[in-house]
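I opened the notebook to record, entry by entry, what I looked up in this structure. The sequence and model come first, and my entries follow.

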Amino acid sequence: MVEQHRVVGVVGLGSVGQSLLRALDAGGVRVIGVDTDPDVVARVRSWAGTAEVSGDVERLAEAGVVVEAVSEDAESKAEVLHRLGALCPRVTALVTTTASLSVPALAVASGRPARLVGLRFAVPSSPKAGAALVSTTMTAPEAVSAAEELVSLLGRPIAPQGTDTAAARELLLPYLGRAAALHEAGYASCEDIDTAMRLGCGLPAGPLEMLDTVGVDTVHRELGDLYRRTGLEHHRPPGSLERMIESGRLGRKSGQGFYAYDAAGRRVVPAARDRAPEGAPAVGHVGVVGTGTMARGIAQALVLAGVRTTLVGRTTERADAARAAIGSSLDRSVKRGRLDPGAAGAALDLVRGDQDVAVLYDCDLVIEAVVEDLPVKRTVFEQLGKVCRPGAVLATTTSSLSVAECAAASGRPEDVIGMHFFNPAQVMRLVEVVRAEATSDAAHAAARALCERLGKTAVGCGDRTGFIVNYLLFSYLNHAIRAMESGGCLDMGDVDTAVESLLGFPLGPFTLLDTVGLDVSLAILDRLRETFGTEDFAAARSLRGLVAMGHLGRKTGTGFRTV
């Protein structure tokens, strides 16, 4: 067992080793970190707190548990484990962090097959991401217990037995690489990419944060291995990673990657995010065109923030029904204790419904939230361009269509901007604010100011299909389906479990596809493929087949996982 008064050793102070050292020291465990590189020892020693950091493995002679976290090379790991096996007492548990090598082979190489356990981490330091414990037929129960207690001391959950760590890692790596390439192209900042994925998908960390944690060199090496094995273009490491490695920017472990880190490994927080300028046009009256789920959610968010709102539908009946639905939603919040009855009544008083778009003439900002169909949206913008007052901002909630195409139909493209809310809009904090080439500074400032008033987080991005979230998310989901089709992962439930338990994602890919809707997912992938032409956006055969059969996921009761 690992007891607080006994020593835990960590050999190898790269990304994994440093994260383990931090967590154990923060938990009050007596821990010794060892690395053969004097520069690494000096750097880690500068922030190591009460942990001892040394270049001498002999310091581990009395350790109760020793974690091997050296580079993913069979000979290097075998050599280190063999030395530890000879050095440490017979009762010492040895733990290898190998991500892909044979644990039984390493157990034999250590000379202590009964005392060696594997712990596989897909992400080195994330409290929501777990570790998979890998024992062998040779492993003694005492060693397993020691490894389980070690994971508990790290504050990490243990993944269910048999969790497929390789499946989780092989889905994670191209997702990280695509995010790096998106940043390399100058499409969005590191902060906006990471914020979009955290808030838009509920992830524990953004992809570039995760890349820094895993290690730029590690991701580059493992993507390169995948690419050589598969030949798939989305496994090719982006060039930016190699350039970062050449300049010593290896991520958190080196103090510099996509972000900067202080001596203790804490991220150096950049200057405050660009807020809407003081001179942003005032927004006192907002129009919403549409009566569907998204339109109602946006209207509810507006009135809860005290914004007078006019909701326009195709008919008076639709508009009245939408207003009534907003009232019902507010009532549910009251019953759940989330909203004061007086506040709910005041919010509902701020929204009116109508069927004539001309009533929007005095709005400061109008949000179009109709069906995701370009001809329909262009018709709406043509009307808005004629009836709205000069200078009124016109926003589209499109998730994948061209903002510029909508803007052109309005006849006043300088007033048009994208505001991609996430569903449910009254709850989700993220808004992708999409600036087209002709969008004016005033329109951009007004959109960001409105997001701030609503308590939303705005991330900036350019006008192209998928923006940030859908561009990164749906390639990842498509890769998961293709891995299943190729036999790389035979059980979709196991893949979901691996992603949820080892990466800390709230939903596995197949559960998420069913939740989003397979028809919606297919439509987004087809649009991405049409725009970018790359093979990884070509919808997997199984997805297209299920949609053709009418198996659309949760909403129909049948999909990849639903019954």
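Which residue in β6 does V95 stand opposite? I found that V95 stands opposite V117. Before going on, I note that this is a predicted model, in which local features need pLDDT of at least 70 and side-chain atom pairs count only at pLDDT 80 or more, while totals for chains, interfaces and linings use all residues. Residues are numbered from 1 along each chain as its sequence is written, and side-chain values use heavy atoms, with hydrogens and water left out.

Entry on confidence. I looked up pLDDT, the predictor's confidence in each residue on a scale from 0 to 100, and read a mean of 91 for the protein, with 96% of its residues at 70 or more. Over residues 1-5 pLDDT stays under 50, and for this stretch the model has 17 contacts beyond four places in sequence, a contact being heavy atoms within 4.5 Å. I keep in mind that where pLDDT is low, the predicted coordinates should not be read in detail.

Entry on the sheet that holds β5 and β6. I took helices (H or I, at least four residues) and strands (E, at least two) as DSSP runs numbered from the N terminus, and counted two strands as paired if DSSP finds at least two bridges between them. I read an open sheet of 7 strands in the order β3-β2-β1-β4-β5-β6-β7, with mixed pairing. Its edge strands, each pairing on one side only, are β3 (52-54) and β7 (131-134). Neighbouring strands of this sheet are turned by 20° against each other on average, direction ignored; axes here are lines fitted to C-alpha atoms, for helices over the stretch in contact, and angles run from 0 to 180 degrees between N-to-C directions. Strand β5 (residues 93-96) pairs with strand β6 (residues 116-121) in the parallel sense over 3 bridges. I then looked at the helices on this sheet: α1 packs on it, touching β1 (7-11), β2 (30-34), β3, β4 (65-68) and β6, and its direction makes about 160° with that of β2. Helix α3 also packs on the sheet, in touch with β1, β4, β5 and β6, and its direction makes about 170° with that of β5.

Entry on the other sheet. I read 8 strands in an open sheet of mixed pairing, in the order β10-β9-β8-β11-β12-β13-β14-β15. The edge strands, each pairing on one side only, are β10 (351-354) and β15 (457-462), and neighbouring strands are turned by 25° against each other on average, direction ignored. Strands β13 (residues 416-421) and β14 (residues 430-435) pair in the antiparallel sense over 4 bridges, and I noted V433 in β14 as the bridge partner of M419. Helix α14 (residues 374-387) packs on this sheet, touching β8 (285-289), β11 (365-368), β12 (393-396) and β13, with its direction at about 170° to that of β12.

Entry on the backbone. In the loop between β13 and β14 I located P424, which is joined to N423 by a cis peptide bond with omega of about 0°. F467 lies in the loop between β15 and α17 (469-485), and its phi is near 50°, a positive value in a residue other than glycine.

Entry on the second largest pocket. On a 1 Å grid over the protein atoms alone, a pocket is an open set of points with protein on both sides within 12 Å along at least five of seven lines, a cavity is a set where a 1.4 Å probe fits but cannot get out, and lining residues have an atom within 4 Å of a point. I read about 860 Å³ of space for the second largest pocket, where grid points are joined across faces, edges and corners and a volume is the space filled by probe spheres set on the points. Its lining has 40 residues, of which G12, G14, A69, V70 and S71 lie nearest the centre. The largest share of this lining, 5 residues, comes from α3.

Entry on the cavity. The structure holds 1 cavity of 30 Å³ or more, and the largest cavity has a volume of about 40 Å³. Among its lining residues I listed S15, Q18, D212 and R252. The largest share of this lining, 4 residues, comes from α1.
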